[in-house]
Amino acid sequence: MRKILLFLTTALVLSGCASILNGRYQKVTIKTDPKNEVFINGEKAKVVNDKYLLKRDGIPKDITVKQQGFKDEHMAVIQYKQSRLYLLSWVPFGILIIPPAFDNLEKSHNYDNEIKIGEIMITIPQRDIKAKDIVLNEFVADLKNDSVNYRYFTSYKTFIKTDKKEKGIKSNGNNVKFENARFPDLLNELLKTKGYIDTTNKILKKNYSGNFSVDATITAYSHHLIDTDISDIYGGMIYVDLTINWQIFNSYKKPVYSSKTKSKSGLFSIIKGDRDYKVANLAIKDAIEIGFIEFMNLKDVDAILKDKSQQSLEESFEELYIPKTDKYASTLSEAVKSSVTIKNKNGHGSGFFISNNGYVITNYHVVADTSDLKVVMNDESIQDVKIIRFSKLHDLALLKIDASGVIPLKINESEIEVATEIYAIGTPLAEDLAQTISKGIISAIRKTSETSKLIQTDASVNAGNSGGAIVNKSGLLIGVVSSKMKSFGIEGLAFGIPGYEILNYLKINIR
């Protein structure tokens, strides 16, 4: 018996403090939503009798909880609670427990016995079937020297005691301005999974009624570094605070809503050999996602995505009567003279007359910026202009200038034949190229909805052609130039609104 006890005592002492006290793993309670999956360092957590096993090795552990439809939640934990080790020794009458006062006392550290994470998860908003698409456009950081802060904690214990205080924050003293292409991709992927981004690759779906874009700017950044106090061989932890300004734009690049979020990331561990900036990027990504989800969950944002007021407004247009003229353009030369350049302070587009008393048609996006809006006639005279009516949904606008005796274009009201030879008239690229004419064919008629179509053409059009006329060789208006696909290697892919749809969408009656 004495030999057995002696062997047991020696084995316990030599096996190290963790084995004597509690073993290699500590059993902890993780309080979380029962539907969550729990991961430790990226692997499914081990559970024994409803307790989770955390290895006692002095290295911080990353705990992540996941649930379908909710934002993942992250935190890091470390052994920091100091506890004394009682060594066992053999005596003639049994085993002696050596109390803390003895010199051979060693120290051990424990995790918290109870860890709370993901008890209330952040819901990722799911797109309503009636809501518009939304895509993240630009993500930048514009940080001044007083908006970038660092805070350092010498130990996890210090962090727990002082985290809510602002002690130790120091500015980095430099302005920071950068653009990070990764974050739009990350957040767009989140939007895609929740149905906010069209994944059908339908080029012709992009329009005012179906799309918004978002720009985001980080305006304040706080970086928090927590050191471990067990051993220099181990790392620490990082979390960040971000203030982000979010701004929604409609398809005409006009801002329609803005809001600010303040978000705190989860806690992420740094293991020796890790690059601090890589771990910081994980924390930044987490804080950005939290802020973005908070922004998307705002009632105002939800209302904007579901807003149908523009549809109701355009459906309520009263019929507008425009007098028919005795003479319409009957040649390409006359059609060119019926075309105009429409300019504002920041750019220009094209247009054309539909009456002899000064009514002009163009795209809405050409006149969306009304600053110093003017119409330049074929004779280079410049006229003041008034916007009479516009359709944001269909990118059309009706203008009026003080003019008489002009020869307008007659609008074709019948179906259009594919392969018809056509001509695009407008002011591409620069104002001194006014009334440029290019030749092509109608490549196809594309259906964009149950009631709408677009003309596809290979005629050469460029920036500035928008709102210009598409006519046949007799000067009959076939359509209105509306857009061109622009990308490396893409040529001859432009689109126009059929002429007869002008009358329908703007509720115009020419008689």
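I began at Lys-253. With a relative accessibility of 57%, Lys-253 counts as exposed; buried means under 20% relative accessible area, exposed over 50%, and partly exposed in between, with a 1.4 Å probe and protein chains only. I kept in mind that this is a predicted model, where local features need pLDDT of at least 70, side-chain atom pairs count only at pLDDT 80 or more, and totals for chains, interfaces and linings use all residues. Residues are numbered from 1 along each chain as its sequence is written, and side-chain values use heavy atoms, with hydrogens and water left out.

I looked up where Lys-253 sits. I found Lys-253 in the loop between β18 (236-250) and β19 (255-264). Strands here are DSSP runs (E, at least two residues) and helices are runs of H or I with at least four residues, numbered from the N terminus. Most residues other than glycine have a negative phi. Lys-253 is not a glycine, yet its phi is positive, at about 65°. β18 and β19 form a hairpin with 4 residues between them, and Lys-253 is in the turn.

I then checked Lys-507. Its phi is also positive, about 50°, and Lys-507 is not a glycine either. Lys-507 lies in the loop between α10 (499-505) and β35 (508-510). I noted Lys-507 as partly exposed, at 28% relative accessibility.

Is β18 largely enclosed or left open by the rest of the structure? I found 12 of its 15 residues buried, so β18 is largely enclosed by the rest of the structure.

Next I listed the strands that pair with β18. Strands of a sheet pair through backbone hydrogen bonds, either parallel or antiparallel. I took two strands as paired if DSSP finds at least two bridges between them. β17 (residues 211-227) runs antiparallel to β18, with 15 bridges. In that pairing Ser-213 stands opposite Phe-249 of β18. β19 is antiparallel to β18 as well, over 9 bridges. There, Tyr-257 in β19 is the bridge partner of Ile-248. β20 (residues 268-270) pairs with β18 in the antiparallel sense, over 3 bridges. Gly-236 faces Ile-270 in β20.

At 2% relative accessibility, His-224 counts as buried. Which residue does the side chain of His-224 touch in a polar contact? I found Arg-151, with 3.2 Å between the two side chains. A polar contact is a pair of N or O atoms within 3.5 Å; within protein, one must be able to donate a hydrogen and the other to accept it, and residues adjacent in sequence count only if both atoms are side-chain atoms.

I traced an open sheet of 7 strands, in the order β26-β25-β22-β23-β24-β28-β27, with antiparallel pairing. β26 (382-384) and β27 (386-391) stand at the edges, each with a single partner strand, so one side of each has no neighbour in the sheet. Inside the order, β23 (residues 347-353) and β24 (residues 359-362) run antiparallel and share 2 bridges. Phe-352 has Ile-361 of β24 as its bridge partner.

Then I traced an open sheet of 4 strands, ordered β4-β5-β1-β12, with mixed pairing. β4 and β12 (114-116) are at its edges, each with a single partner strand, so one side of each is left without a neighbour in the sheet. β1 (residues 25-31) and β5 (residues 51-55) run antiparallel, joined by 4 bridges. Tyr-25 stands opposite Lys-55 in β5.

I looked at Val-48 too, in β4 (residues 47-48). Val-48 is partly exposed, with a relative accessible area of 30%. Val-48 and Lys-27 are 21 residues apart along the chain, and their C-alpha atoms are separated by 7.9 Å.
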